[in-house]
Amino acid sequence: MIIQPVPRRLQARLNARLLCAGIAALLCACGPGGPKRETGDTGGGGGGPSPGITVLAGDAATAGSVDNKGASARFNTPRGVAVDTNGNVYVADQANFAIRKITPDGTVSTFAGQRGTSGTRDANGNSARFSMPTAITIDGSGNLYVTDATSIRKITPDANVSTVITFPVGDFGGDTRLYPGGIAADGAGNLIVTSGVDTRRVPLSNPGRWARLEQGAVEMLPGAVDVITRGVAVRDDNTAYVADLQRTISRATSGATSLSRFAGTPGQVGNDDGNANTARFQQLAALAADKDGNLYAADAVSNVVRKITTNATVTTPAGTIGATTLRTGRLPGSFATLRGIAVAADGTLYAASGNAVVKIVLP
């Protein structure tokens with residue numbers, strides 16, 4: 001039997017029908033919209049970074065003193081964290097007596113001070129010396145300010161270090177645990193500084209004429225041997241927010257002479273989310289404010305990140321209460337001891353966790 005070839009027009013119709021049938025079968029199998037990502041996929045969708053926790057630099061479980069890239073770098077008790085407009089992260093590396101710089105790709109260098117060498121010297125870059133760098137902030141001109149034992153040090157963008165003021169040791173009862181451990185710069189030329197006994201507003205034009213916004217004594221946790229840090233952040237309207245001596249969050253508008261309650265109840269601690277009256281906090285070691293006025297707090301006891309909106313609604317977007325090991329990846333994840341936090345212009349959070357600096361992207 002001789003098979004006749006299929007005419008070209010008929011073959012074209014058959015091919016079209018087969019193609020339509022194949023597409024229909026695919027749609028039926030995958031549902032509306034065609035093929036889907038697996039349920040566990042964390043792709044950014046719009047091309048942005050996926051929500052989650054990643055290590056920017058260092059190893060949470062390993063202390064050291066190494067300038068390198070990413071996980072090959074080493075820190076020793078990093079605390080304060082600040083971010084400049086170019087996405088560079090600056091870290092008060094307390095036990096290395098230095099200020100470290102991390103570029104956006106995770107490359108670590110020593111910006112000011114000499115790793116492993118303690119002292120008090122005003123100079124440029126690695127010729128400067130620090131004795132106890134704890135908290136760090138950055139102003140609109142790119143100047144860094146660091147609490148260093150009972151002093152406040154200034155570091156210009158070209159790494160020139162000077163001393164703004166040194167407070168008498170007696171102001172803090174001679175106890176290093178009560179030394180200044182929180183700092184934030186406002187847009188009116190002031191620094192807001194917290195210690196274990198008070199909160200001060202320090203005018204940079206005349207640092208000696210500082211004003212006290214709060215006074216008392218922080219309740220020390222059992223077994224505490226290190227500086228008791230209390231977070232402070234300033235919103236764009238120059239209102240300062242402080243993790244106060246009663247373990248709540250208070251605020252002071254520009255020019256105010258005292259603090260007023262914002263969220264939490266004095267004398268009551270916990271991990272409760274909710275509104276200003278029902279939320280509870282533990283030890284908010286650091287605070288940061290984003291461009292929309294939201295606050296982010298690093299809780300050094302519960303090891304979680306708290307978010308406080310402009311209307312004082314509190315949530316816990318990252319971390320697992322009570323966990324002490326860094327677990328990266330999808331939120332909520334978990335952290336090693338949280339000591340510092342900062343927020344970049346794009347809303348990305350950076351935190352000191354154990355001996356690492358981590359990057360936190362929220363949904």
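**Burial, contacts and backbone in a predicted model**

User: In which loop is alanine 224 found?

Analyst: Strands here are DSSP runs (E, at least two residues), helices are DSSP runs of H or I with at least four residues, and both are numbered from the N terminus. This is a predicted model, in which local features need pLDDT of at least 70, side-chain atom pairs count only at pLDDT 80 or more, and totals for chains, interfaces and linings use all residues. Residues are numbered from 1 along each chain as its sequence is written, and side-chain values use heavy atoms, with hydrogens and water left out. Alanine 224 belongs to the loop between strand S13 (211-215) and strand S14 (232-234).

User: What distance separates the C-alpha atoms of alanine 224 and arginine 177?

Analyst: Along the chain, alanine 224 and arginine 177 are 47 residues apart.

User: How many strands does the protein chain have?

Analyst: The protein chain has 363 residues, and 50% of them count as buried. Its secondary structure consists of one helix together with a number of strands, and that number is 24.

User: What share of the contacts in the protein chain with a separation of 6 or more comes from residues 24 or more positions apart?

Analyst: A contact here means heavy atoms within 4.5 Å. Among the contacts in the protein chain with a separation of 6 or more, the share that joins residues 24 or more positions apart is 46%.

User: Is arginine 200 buried or exposed?

Analyst: Arginine 200 is placed in strand S12, which covers residues 198-203. Because the relative accessibility of arginine 200 is 1%, this residue counts as buried.

User: With which aspartate does the side chain of arginine 200 make a polar contact at 2.8 Å?

Analyst: A polar contact is a pair of N or O atoms within 3.5 Å, where within protein one must be able to donate a hydrogen and the other to accept it, and residues adjacent in sequence count only if both atoms are side-chain atoms. At 3.2 Å, the side chain of arginine 200 makes such a contact with the side chain of aspartate 171. At 2.8 Å, its partner is the side chain of aspartate 198.

User: Which tryptophan is in contact with arginine 200?

Analyst: Neighbours of arginine 200 within four places in sequence are left aside. The residues in contact with arginine 200 then include Phe167, Asp171, Phe172, Leu191, Ile192 and Val193. Also among them are Ala211, Arg212 and the tryptophan asked about, Trp210.

User: Which asparagine is in contact with alanine 159?

Analyst: Alanine 159 lies in the loop between strand S8 (151-155) and strand S9 (161-166), and because its relative accessibility is 7% it counts as buried. Leaving aside neighbours within four places in sequence, its contacts include Phe111, Ala123 and Gly125, and the asparagine among them is Asn124.

User: How far apart in space are alanine 159 and isoleucine 99, C-alpha to C-alpha?

Analyst: In sequence, alanine 159 and isoleucine 99 stand 60 residues apart. From C-alpha to C-alpha, their distance in space is 9.8 Å.

User: What is the phi of phenylalanine 97 near?

Analyst: Phenylalanine 97 is placed in the loop between strand S3 (89-93) and strand S4 (98-102). Its phi is positive, in a residue other than glycine, and lies near 60°.

User: What is the positive phi of alanine 149?

Analyst: Alanine 149 sits in the loop between strand S7 (144-148) and S8. This alanine is buried, because its relative accessible area is 16%. Although alanine 149 is not a glycine, its phi is positive, at about 55°.

User: Is the peptide bond from leucine 331 to proline 332 cis or trans?

Analyst: Proline 332 lies in the loop between strand S21 (314-318) and strand S22 (338-343). The peptide bond leading from leucine 331 to proline 332 has omega near 10°, and its form is cis.

Key. Buried means under 20% relative accessible area, exposed over 50%, partly exposed in between (1.4 Å probe, protein chains only).
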